[in-house]
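Please read the notes below with the sequence and the model open side by side.

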Amino acid sequence: MTALAELVRRRPPEADPTRKLRVRNVAIAVGLAGVALVTVALVGNILVASGDAAADNLFWTFGLSITGFGTVKLGIALVLTGIIVRLWMRVDAVRAALPRLKADAEPQGDVQYGNIETPYGKGTLTEKAPGLLPPQAMARIMWKPMIVMGPMLVLLGLVLSLATTGADDPDTSQALWAWTQGTLFLGEAMLLSGISFLLGTILAGLREGGGEVQESLGLVVKTLRMPTSAKVFLVFMFTGLMLGIAQFVLYGIAAYVDDPATWFAWLGPLRELSLGILLSGIVLALFTIGTVLGFQHWRIRQIIETGR
Amino acid sequence: MATALARADFKVETSTRSLGYNLPQRMGRLLWFPMFLMALMFFGAGMALGIARANEISDGGAADTIVTLQHVQAGLMFLGFVSVFSAVSFAIARILGQFRAGGGEVQAAAGRTVQTLKMPGTAKVFLMLMLVAMMTIVVASILHFVFAADIENTPASLADAEDRFVVLEGVRRIGTAIFLFAILLGLATIIRVLRFQAVRMRELPDEATTH
């Protein structure tokens, strides 16, 4: 956990921005390893379909495929930690450059603090940098346990899938297969939640860094209010994670029912729906980041041109 | 008009104004939302068919109906995934567009030469892999529908349908893995763009104004 926290530690302001981050190349290598795992599973599927391998091999090919997806998602999480580090280096660069770039202007006399309109939506005008929003503070804490637990569950699911392949007793096989699916997809849901929390951490950094730069210049602080897309992102994220946990519990029940085929028929789409909803939330988080970046560039331009 | 500039650390184009968004970024700004909506629709339809198939199994329905539903449901669900992955990719392109257009506007506002990063290699591979993965999953999903229409209630047809499902499952998964890797490369491009912005921002105060 400490090692993970170290990944996103803010570098000192004098840190050399030209230095490349090693985490980027590591993340690409991890992603490639994930694609390789899924390729091996594809070969297994083709062998089963052509009759060159027994049907029970499909259990481990399933486990290996989902482990491959989890590996690529872990790579994505690593890239996001690199983005967080780079964002802070950008904040330090803007903070260092703006005092020499901004127009000279007399201090503003009568400032009306409160709500404002910006080209990127509603914002606030304050004297000091506003603190983090509660979901952003939570995101900064929660991404770490999610990124640790997700891969652990996926690996456990892979082991269960291998055990299912070798199981002879039908009851044991049914139970192991149910737990395999539930565990793998709970791990995937946690990984996607970790990625969502990392995106929330990026939004936190943008808010905090933007406020810090404006305050350091002695200017009024303009901050974008939480956009609707960010609110809907939170709803999607929590719904997706809850469904991910629910499918795990339901697979636990399906492990011991008399008609597992019926249960598996609707639990399959349910587990995919949980990941689909989490991914939809990620789309909205990325959209929000784009909006906030647009606002930040607009505000930097305004400071350069008007000095206020 | 933009001209190429040789820098030791980055490949850039120079101009007096922001170069704005490039074609993939304009597409990203336009298409992320339709893709997002389509994903939600396909996920809902896939879930509904999953429930319908479970009812068929529970009621002892015909084997060909159950296998047909399996193919159609998987096809719909993965059209949902291809839509949501596309939406993620377009949202990343939109972010890269904000850096390109916004970064240029900031340099122009400061009266300095506008330097814009040329499309990095990771961004080019991101676009290429995104298209490959999209085609792989879409073709696999369409084949699910084609094979579903071909199923009869005979042991041979049902066995064929089962084998086809197993192969298409593998193909869909490799398409998904490639799409996820493309997204990783898109995000890795953001790291490079952020590095360029931090370096460029620190250079600006010491440069002479040009306009």
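1. A helix here is a DSSP run of H or I with at least four residues, a strand is a run of E with at least two, and both are numbered from the N terminus. With that in hand, look at the end of H5(A): Gly218(A) follows this helix, and its phi is positive, near 75°. Please keep in mind throughout that the model is predicted.

2. Chain A in outline. Its secondary structure consists of seven helices and three strands. Read from the N terminus, the order of elements is α-α-α-β-β-α-α-β-α-α. Along the principal axes, the C-alpha atoms of this chain fill a box of roughly 85 × 40 × 35 Å. The chain has 308 residues, and 54% of them count as buried. Take the contacts in chain A between residues at least 6 apart in sequence: 85% of these join residues at least 24 apart.

3. Helix H5(A). Does its length agree or disagree with what its residue count predicts? At 1.5 Å a residue, 47 residues should span 69 Å, and the end C-alpha atoms of H5(A) are 68 Å apart, so the two values agree. The helix is also largely enclosed by the rest of the structure, because 38 of its 47 residues are buried.

4. One residue of that helix. Gln174(A) sits in H5(A), which covers residues 170-216. Is Gln174(A) buried or exposed? The cut-off for buried is 20 or more other C-beta atoms within 10 Å; Gln174(A) has 21 such neighbours, so it counts as buried. Apart from neighbours within four places in sequence, its contacts are Ala255(A) and Pro260(A). For a sense of distance, Ile195(A) is 21 residues away from Gln174(A) in sequence, and their C-alpha atoms are 32 Å apart in space.

5. A strand pair in chain A. Strand S2(A), residues 121-126, runs antiparallel to S3(A), and four bridges join the two. Within this pair, Leu125(A) has Lys222(A) as its bridge partner. S3(A) spans residues 221-224 and is covered on both faces, with Val221(A) and Thr223(A) buried on one side and Lys222(A) and Leu224(A) buried on the other.

6. A strand pair in chain B. Strand S2(B), residues 11-15, is joined to S3(B) by four bridges, and the two run antiparallel. Opposite Ser15(B) stands Val114(B) of S3(B). S3(B), residues 114-117, has both faces covered: Val114(B) and Thr116(B) are buried on one side, Gln115(B) and Leu117(B) on the other.

7. Where the chains meet. In chain B, 61 residues are in contact with 65 residues of chain A. On the chain B side, the elements that give two or more residues are helices H1 (23-58), H2 (63-109) and H4 (155-203). H4(B) provides the largest share, 26 residues. Sorted by class, this side of chain B has 41 nonpolar, 11 polar and nine charged residues.

8. The largest nonpolar core. It has 166 residues, and those touching the most other members are Leu80(A), Val283(A), Leu286(A), Val88(B) and Leu184(B). Helix H3(A), residues 57-101, gives this core its largest share, 25 residues. Which residues does Leu286(A) touch beyond its neighbours within four places in sequence? Leu286(A) is in contact with Leu199(A) in its own chain, and with Val88(B), Ala91(B), Ile92(B) and Ile95(B) in chain B.

How values were computed:
Residues are numbered from 1 along each chain as its sequence is written. Chains are lettered from A and ligands numbered from 1 in the order in which they are written. This is a predicted model: local features need pLDDT of at least 70, side-chain atom pairs count only at pLDDT 80 or more; totals for chains, interfaces and linings use all residues. Two residues are in contact if their C-beta atoms, placed from the backbone, lie within 7 Å. Ala, Val, Leu, Ile, Met, Phe, Trp, Tyr, Cys and Pro count as nonpolar, Asp, Glu, Lys and Arg as charged, and the others, Gly among them, as polar. A residue is buried if 20 or more other C-beta atoms lie within 10 Å of its own, exposed if 12 or fewer, and partly exposed in between; C-beta atoms are placed from the backbone. A nonpolar core is a set of buried Ala, Val, Leu, Ile, Met, Phe, Trp, Tyr and Cys residues joined through C-beta atoms within 7 Å. Two strands pair if DSSP finds at least two bridges between them. The expected span of a helix is 1.5 Å times one less than its number of residues.
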